[in-house]
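Have a look at the model first, then read on.

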Amino acid sequence: MDEQEMAIVLKEKDDLNQEISNLRSQLKAEAQPQQLHLNDISKKSLSLLIAESTNRVKELEDRLKLTLSLQTESTNKVKELEDRLKESVILQTESANKVKELEDKLKEVEILQAESTNRVRQVEASLESKSEWWNKKEKFYHKFTEFQLGALRELKFASQSIHQEIVKTKKSYSEEFTTLGSRINALDDAAENYYSILAEDLKLHNELQELKGNIRVCCRIRPFLPGQKWKNSIVEYIGDNGDLIVSDPFKRGKQGFRSFKFDKVYSPEATQAEVFSDTQPLVQSVLDGYNVCIFAYGQTGSGKTYTMSGPDGATEEEWGVNYRALNNLFRISQSRESNFTYEISVHIMEIYNEQVRDLLLGSDGSGQRLKQPNGLDVPYASAYTVKSTSAVLELMDIGLKNRPKSWTAIKERSSRSHRVVLLYEAIFI
């Protein structure tokens with residue numbers, strides 16, 4: 001609907017409203033004369049006038065209803081026209097958006113066209129560049145082919161020279177191989193003598209150990225501990241040849257002194273390395289196939305554990321005989337790998353009240369009790385193959401945890417038993 005039709009509808013609506021207003025005014029004007037006339041006429045003519053007036057009112061009501069109906073129709077038509085106007089506005093907005101969208105697409109097409117034009121120019125330039133590159137490459141290949149042909153001619157000449165040189169070298173190598181064979185035979189004879197010399201050296205080493213004594217007893221004097229109240233030493237003399245003299249403060253004269261003889265006496269100032277130096281040669285005897293036993297004996301708190309293992313968290317200088325002997329054992333076995341192969345296994349046991357317990361069985365201290373049929377071997381003990389000192393130390397820690405301890409009057413944590421670490425070796429030549 002356009003604006004002209006809208007104006008016509010609005011005008012019709014105003015006319016209808018004006019007509020309704022006129023009818024109402026006319027009805028009021030006619031009602032007033034009738035009221036005055038009623039006072040003058042008689043009662044008969046009054047009924048007639050009332051009837052006529054009623055008809056007139058009815059006629060006016062009918063006209064009013066018709067007017068209201070027309071007004072309703074015009075209002076609906078106006079509303080319809082307003083809806084059509086809104087639709088036309090929406091269509092106009094959509095058409096404007098569509099036009100704008102088409103304009104944007106047109107701009108994109110123009111941009112794509114410009115890009116394609118630039119791309120075509122780039123491709124044309126690239127084709128020209130590649131064409132020039134292939135032309136240069138073709139010339140290079142021609143030159144390279146000519147060079148290769150010349151190189152092949154030189155190579156053919158060199159091949160002939162090399163062939164002659166190979167013939168000479170083959171003859172020279174034949175003579176050198178003959179000389180090398182004679183030298184290898186000489187080395188084979190020397191190797192046979194080496195094993196005999198090695199066996200003789202091992203024999204002399206162990207004979208020297210036997211001369212020093214198959215059983216050696218050494219004594220180590222423990223220094224006073226920090227916090228120890230009584231620090232009067234009874235040691236009177238320590239000799240270089242193993243002599244030891246101690247005094248008895250409760251006896252006088254010659255009876256107050258007692259002398260002892262050991263293979264070696266270590267003073268309180270002796271280090272762990274000095275104590276191990278006299279047992280170090282025995283480690284080699286173990287690898288030579290001899291049975292060796294190293295143990296510490298003494299009362300509780302005399303320093304057995306310190307001598308054999310060292311203090312807790314020991315440094316390399318504080319290592320005891322056990323750690324140093326193991327290091328030396330594996331070092332010598334590795335140095336002999338070219339001639340011998342060693343397989344070393346470990347048993348760790350405890351001896352208490354003439355009973356033997358395997359400390360590598362069970363982590364709760366309930367090790368297996370073992371029988372000793374011949375007094376020397378323990379056939380049912382747990383055996384673990386080891387290849388390094390650290391592996392042995394781990395097993396020793398397990399045995400230490402499985403070893404029961406309790407307090408004594410001298411030491412708060414005492415094992416009250418003897419721990420035995422056995423190393424067995426198998427030698428393969």
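Phenylalanine 144 is partly exposed, with a relative accessible area of 38% (buried is under 20%, exposed over 50%, partly exposed in between; 1.4 Å probe, protein chains only). Keep in mind that this is a predicted model, where local features need pLDDT of at least 70, side-chain atom pairs count only at pLDDT 80 or more, and totals for chains, interfaces and linings use all residues. Residues are numbered from 1 along each chain as its sequence is written, and side-chain values use heavy atoms, leaving out hydrogens and water.

**Aromatic pairs**
- The structure has six aromatic pairs (ring centres of Phe, Tyr and Trp, the last by its six-membered ring, within 6.5 Å; planes under 30 degrees apart are stacked, over 60 edge-to-face, the rest tilted).
- Phenylalanine 140 and phenylalanine 144 are stacked, because their ring centres are 6.2 Å apart and their planes at 20°.
- Tryptophan 319 and tyrosine 323 pair edge-to-face, with centres 6.3 Å apart and planes at 85°.
- Tryptophan 319 itself is partly exposed, at 25% relative accessibility.

**Along helix H2**
- Phenylalanine 140 and phenylalanine 144 are four residues apart in helix H2, so about one helical turn separates them (helices are DSSP runs of H or I, at least four residues, numbered from the N terminus).
- An α-helix has 3.6 residues a turn, so residues three or four places apart point the same way.
- Phe140, Tyr141 and Phe144 make up one aromatic cluster.
- Phenylalanine 147 also belongs to helix H2 (residues 43-212), and is exposed at 57% relative accessible area.

Methods. Helices (H or I, at least four residues) and strands (E, at least two) are DSSP runs, numbered from the N terminus.
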